[in-house]
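Please open the model in your viewer and keep the selection panel at hand. The tour below moves from one selection to the next and says what is there at each stop.

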Amino acid sequence: MKIIAAAIILLVATTGRSAGEDTSDNWIKEMLVGSNCYIDNPDAAERMFQNARRRCAGDTNRFARLLCEVAQTNDIMIAEDMINSLGVYGTAAQLPFLYSMATNEQHGATAVKSILW
């Protein structure tokens with residue numbers, strides 16, 4: 001029992017991230033990107049995405065801003081998912097970004113759907 005407790009303490013100490021400790025913008029962005037890596041497990045992807053959302057502690061403006069920042073990537077799949085998520089979780093502050101994406105060849109349809117959402 002003592003060995004297990006020591007292992008858990010060592011794991012938390014070496015990773016530097018416990019359940020409620022790290023809520024930096026970069027960590028949340030990593031979680032958003034990571035949620036796109038679950039190709040065969042949509043439930044795990046949704047859990048990771050919602051965990052990133054919870055780490056914003058109810059600050060919807062911050063979460064929408066982070067979604068917008070992650071959407072500005074060259075990875076088509078991640079950008080598409082983040083633009084789509086802006087339709088649900090975005091605020092009026094992201095509308096200029098979505099308007100600019102409306103004429104984008106790859107993401108235009110998704111951006112328009114997000115605007116109309």
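Begin by selecting Ala 57, which lies in the loop between α3 and α4, where helices are DSSP runs of H or I with at least four residues, strands are runs of E with at least two, and both are numbered from the N terminus. Ala 57 has a positive phi of about 55° although it is not a glycine. Is Ala 57 buried or exposed? With a relative accessible area of 69%, Ala 57 is exposed, given that buried means under 20% relative accessible area, exposed over 50%, and partly exposed in between, with a 1.4 Å probe and protein chains only.

Before going further, note that this is a predicted model, in which local features need pLDDT of at least 70 and side-chain atom pairs count only at pLDDT 80 or more, while totals for chains, interfaces and linings use all residues. Residues are numbered from 1 along each chain as its sequence is written, and side-chain values use heavy atoms, with hydrogens and water left out.

Now show the whole protein chain as a cartoon. The protein chain has seven helices and zero strands, and buried residues make up 33% of its 117 residues. Among contacts (heavy atoms within 4.5 Å) between residues at least 6 apart in sequence, 55% join residues at least 24 apart.

Next, select α2 (residues 25–34) together with α3 (residues 42–54), whose axes come within 8 Å and cross at roughly 160°. The axes are lines fitted to C-alpha atoms, for helices over the stretch in contact, and the angles run from 0 to 180 degrees between N-to-C directions. The crossing angle makes α2 roughly antiparallel to α3, since angles under 35 degrees count as roughly parallel, over 145 as roughly antiparallel, 65 to 115 as roughly perpendicular and the rest as oblique. With side chains shown, Ile 28, Met 31, Leu 32 and Gly 34 in α2 can be seen to meet Met 48, Phe 49, Asn 51 and Ala 52 in α3. The residues of this contact divide into six nonpolar, two polar and no charged, with Ala, Val, Leu, Ile, Met, Phe, Trp, Tyr, Cys and Pro counted as nonpolar, Asp, Glu, Lys and Arg as charged, and the others, Gly among them, as polar.

The axes of α2 and α4 come within 10 Å and cross at roughly 60°, which makes α2 oblique to α4. The residues of α2 that meet α4 include Asp 25, Ile 28 and Leu 32, and among their α4 counterparts are Arg 62, Phe 63 and Leu 66.

Within α4 (residues 60–71), select Arg 62. At 17% relative accessibility, Arg 62 counts as buried, and its side chain makes a polar contact with the side chain of Asp 25 at 2.8 Å. A polar contact is a pair of N or O atoms within 3.5 Å; within protein, one must be able to donate a hydrogen and the other to accept it, and residues adjacent in sequence count only if both atoms are side-chain atoms.

Finish at Asn 36, in the loop between α2 and α3. Asn 36 is buried, with a relative accessible area of 11%. The side chain of Asn 36 reaches the backbone oxygen of Leu 32 at 3.4 Å, and the side chain of Asn 36 also makes a polar contact with the side chain of Asp 81 at 3.4 Å.
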